[in-house]
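Please look over the sequence and the structure before reading on.

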Amino acid sequence: LLSSVIVARQGHGDMAVSSSIGSNIFDILMGLPIPWLVAMAYKGRPVLVGADGIGISIGILLFMLVAVIAIIALSGWKLSKRLAIAMMLLYAIFIAQDLARAEWGEVDPSTVTRPICQGCAEDFTCPLK
């Protein structure tokens, strides 16, 4: 974020946008797998990642995208303090709804529809053993 602000103030708006998009791609490609790999190494079994609410999440993200574009257009495509506050408010709303919909705690293996490792299903041989 800081590097994007610095290059934007230097008049390189395209570099700021590229930096913000590139950092998100990096976060997805590195920020998700590395903690999962560490957890797998620590627990000695694969990490179960559920995607039960993926449809709702995609819908919310599309709504947020439309809201962001609308707010930017209403501000005349200029960054202002009001626009920054609106963006932070949208982000806070997104985080709040995501935390509210999250399922906290350990996964009950009996509720998993596909077999996972470490004896959760007798008919499944873990490829990591």
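## Terms and source

A polar contact is a pair of N or O atoms within 3.5 Å; within protein, one must be able to donate a hydrogen and the other to accept it, and residues adjacent in sequence count only if both atoms are side-chain atoms. The model is a predicted one, in which local features need pLDDT of at least 70 and side-chain atom pairs count only at pLDDT 80 or more, while totals for chains, interfaces and linings use all residues. Residues are numbered from 1 along each chain as its sequence is written, and side-chain values use heavy atoms, with hydrogens and water left out.

## The chain as a whole

The chain has five helices and zero strands. Helices (H or I, at least four residues) and strands (E, at least two) are DSSP runs, numbered from the N terminus. In sequence order the pattern is α-α-α-α-α.

Of the 129 residues, 9% count as buried. Buried means under 20% relative accessible area, exposed means over 50%, and partly exposed is in between (1.4 Å probe, protein chains only). Among the contacts in the chain with a separation of 6 or more, 43% come from residues 24 or more positions apart. A contact means heavy atoms within 4.5 Å.

## Helices α1 and α2

Helix α1 covers residues 2-9, and helix α2 covers residues 13-31. The two pack at an angle of about 170 degrees, with their axes 7 Å apart. Axes are lines fitted to C-alpha atoms, for helices over the stretch in contact, and angles run from 0 to 180 degrees between N-to-C directions. α1 and α2 are therefore roughly antiparallel to each other. Angles under 35 degrees count as roughly parallel, over 145 as roughly antiparallel, 65 to 115 as roughly perpendicular and the rest as oblique.

Ser3, Ser4, Val7 and Ala8 of α1 meet Met15, Ala16, Ser19 and Ser20 of α2. By class, this contact has four nonpolar, four polar and no charged residues. Here Ala, Val, Leu, Ile, Met, Phe, Trp, Tyr, Cys and Pro count as nonpolar, Asp, Glu, Lys and Arg as charged, and the others, Gly among them, as polar. Ser4 is buried, with a relative accessible area of 11%. Not counting residues up to four places away in sequence, Ser4 touches Ala16, Ser19 and Ser20. The side chain of Ser4 also makes a polar contact with the side chain of Ser19, at 3.3 Å.

## Helices α2 and α3

Helix α3 consists of residues 33-43. Its axis and that of α2 come within 5 Å and cross at roughly 10 degrees, so α2 and α3 are roughly parallel to each other. Ile28, Leu29, Met30 and Gly31 of α2 make the contact with Pro33, Ile34 and Pro35 of α3. These residues divide into six nonpolar, one polar and no charged.

## Helices α4 and α5

The 21 residues of α4 should span 30 Å at 1.5 Å a residue, and its end C-alpha atoms are 30 Å apart, which agrees. The expected span of a helix is 1.5 Å times one less than its number of residues. The axes of α4 and α5 come within 11 Å and cross at roughly 170 degrees, which makes α4 roughly antiparallel to α5. The α4 side of the contact includes Ile56, Ser57 and Ile60, and the α5 side includes Phe94, Gln97 and Arg101. Its residues divide into 13 nonpolar, two polar and one charged.

Gln97 is buried, with a relative accessible area of 18%. A polar atom of its side chain lies 3.0 Å from the backbone oxygen of Phe94. The side chain of Gln97 also makes a polar contact with the side chain of Arg101, at 2.9 Å. Arg101 is partly exposed, at 32% relative accessibility. Leaving aside its neighbours within four places in sequence, Arg101 is in contact with Gly53, Ile56, Ser57 and Ile60.

## The loop between α4 and α5

Which residues take a positive phi here? Just after α4, Gly76 has a positive phi of about 75 degrees. Trp77, in the loop between α4 (54-74) and α5 (81-101), has a positive phi of about 60 degrees although it is not a glycine. Most residues other than glycine have a negative phi. Trp77 counts as exposed, at 61% relative accessibility.
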